[in-house]
Amino acid sequence: MSQQTHPYHLVHPSPWPALAATALLMVTIGMAMFMHQKTGGAFLAAGGFAIVLYTMFVWWRDVVHEAHVEHHHTREVSRGLRAGMALFITSEVLFFAAFFWAFFGASTLPKLPLADVWAIQPGVWPPQGIHPFDPFHLPFLNTLILLLSGSTVTWAHYSILQNHRKETIQALWYTVILGISFTACQAFEYTHAAFGFKQGIYATTFFMATGFHGFHVLVGTIFLGVCLVRATKGHFTPEKHLGFEFAAWYWHFVDVVWLFLFTFVYLNMANRLMPIFEMIFTGTNMLIALLLLLAASGYWGWKLLTSRTFDKVAHYH
């Protein structure tokens with residue numbers, strides 16, 4: 001075999017991409033059949049989802065093996081993985097932006113068809129007949145839980161940098177327990193909701209936004225649970241722990257999304273601040289803000305990808 005003369009990692013042929021694509025197709029077709037009450041839809045979707053979970057496990061197992069055993073994840077490879085994770089989180093931001101857009105559109109600028117169907121009137125939100133949750137009951141408790149979990153995951157990161165393995169494991173345990181607690185509280189909240197999923201635009205946007213956030217909390221909890229197992233095996237070092245950093249990035253993203261949900265969905269701050277928004281968010285101001293945001297994102301993205309200081313603690317392992 002010829003000696004490798006470049007710093008990049010060419011992965012071995014793998015069946016997992018094809019298997020993942022097949023499983024996702026099964027989930028899509030199965031869910032479509034299930035929602036149209038076709039026989040076998042639920043079984044097909046469940047089978048596809050099971051294969052997706054299996055594929056995730058074996059694929060990421062191989063990635064860890066490539067890094068920890070084969071040492072293929074050089075600085076350049078780590079940089080590419082870092083960029084990929086950043087783009088993935090960006091796509092998640094846009095995913096949730098769609099739900100917020102729908103919620104803000106219905107609550108602040110109701111259209112006539114919606115007013116006819118769901119009795120939405122300007123300045124009346126939630127619509128008549130909807131009894132929303134008390135934001136300072138379970139939602140506030142969940143806010144405290146997620147903020148605390150953000151602190152513990154930061155503690156875990158600091159402990160890794162200081163090479164304190166015992167504290168890293170302890171902090172990750174706390175974070176995983178807090179994530180499970182959030183999911184349990186949200187499940188309890190859903191079972192005691194005073195409105196159902198089909199009771200209008202408020203209910204549908206509420207359950208879609210908070211429900212998908214709850215799903216992301218569950219995924220993040222599993223992600224951190226895997227990091228906990230890897231920490232107990234001594235996989236993370238101060239120089240190589242990008243696998244944990246990915247989990248921490250994801251968890252902080254989940255925290256920020258929840259703060260937006262709590263502020264604008266539970267506290268209904270969009271409607272309360274609407275007069276101020278109407279003065280600020282004009283077409284001209286939005287265009288200027290968008291151009292400035294694109295310029296700043298491009299600049300800081302370039303700085304991040306070319307930063308050697310960040311590379312020192314950003315190797316995937």
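Is the crossing of α6 and α8 left-handed or right-handed? The crossing is left-handed, a term used where the near helix is turned anticlockwise from the far one by less than a right angle, with right-handed used if clockwise.

## Basis of the model

This is a predicted model, in which local features need pLDDT of at least 70 and side-chain atom pairs count only at pLDDT 80 or more, while totals for chains, interfaces and linings use all residues. Residues are numbered from 1 along each chain as its sequence is written, and side-chain values use heavy atoms, with hydrogens and water left out.

## Packing of α6 against α8

The axes of α6 and α8 lie 13 Å apart, at an angle of about 35 degrees. Helices here are DSSP runs (H or I, at least four residues), numbered from the N terminus; axes are lines fitted to C-alpha atoms over the stretch in contact, and angles run from 0 to 180 degrees between N-to-C directions.

On the α6 side, Leu-172, Thr-175, Gly-179, Phe-182, Gln-186 and Glu-189 meet Phe-244, Trp-251, Trp-258 and Tyr-266 of α8 (contact: heavy atoms within 4.5 Å). The residues of this contact comprise six nonpolar, three polar and one charged. In this division Ala, Val, Leu, Ile, Met, Phe, Trp, Tyr, Cys and Pro count as nonpolar, Asp, Glu, Lys and Arg as charged, and the others, Gly among them, as polar.

## Packing of α3 against α8

The axes of α3 and α8 come within 11 Å and cross at roughly 15 degrees. The two helices are therefore roughly parallel to each other (angles under 35 degrees). α3 passes α8 in a right-handed crossing, and the residues of their contact divide into 20 nonpolar, one polar and two charged.

## The largest nonpolar core

The largest nonpolar core holds 52 residues, of which Leu-172, Phe-195, Phe-206 and Phe-244 touch the most other members. Such a core is a set of buried Ala, Val, Leu, Ile, Met, Phe, Trp, Tyr and Cys residues joined through side-chain atoms within 4.5 Å, buried being under 20% relative accessible area, exposed over 50% and partly exposed in between (1.4 Å probe, protein chains only). Two or more residues each come from α3 (75–108), α5 (138–161), α6 (165–191), α7 (201–232) and α8 (242–266); α8 gives the most, with 15 residues.

Leaving aside residues up to four places away in sequence, Phe-244 touches Val-153, Ala-156, His-157, Ile-160, Leu-172, Cys-227 and Phe-236.

## His-252

His-252 lies in helix α8 and counts as partly exposed, at 32% relative accessibility. Beyond residues up to four places away in sequence, His-252 touches Gly-150, Val-153 and Thr-154. Its C-alpha atom is separated by 9.7 Å from that of Gly-220, 32 residues apart along the chain.

Terms used
Angles under 35 degrees count as roughly parallel, over 145 as roughly antiparallel, 65 to 115 as roughly perpendicular and the rest as oblique.
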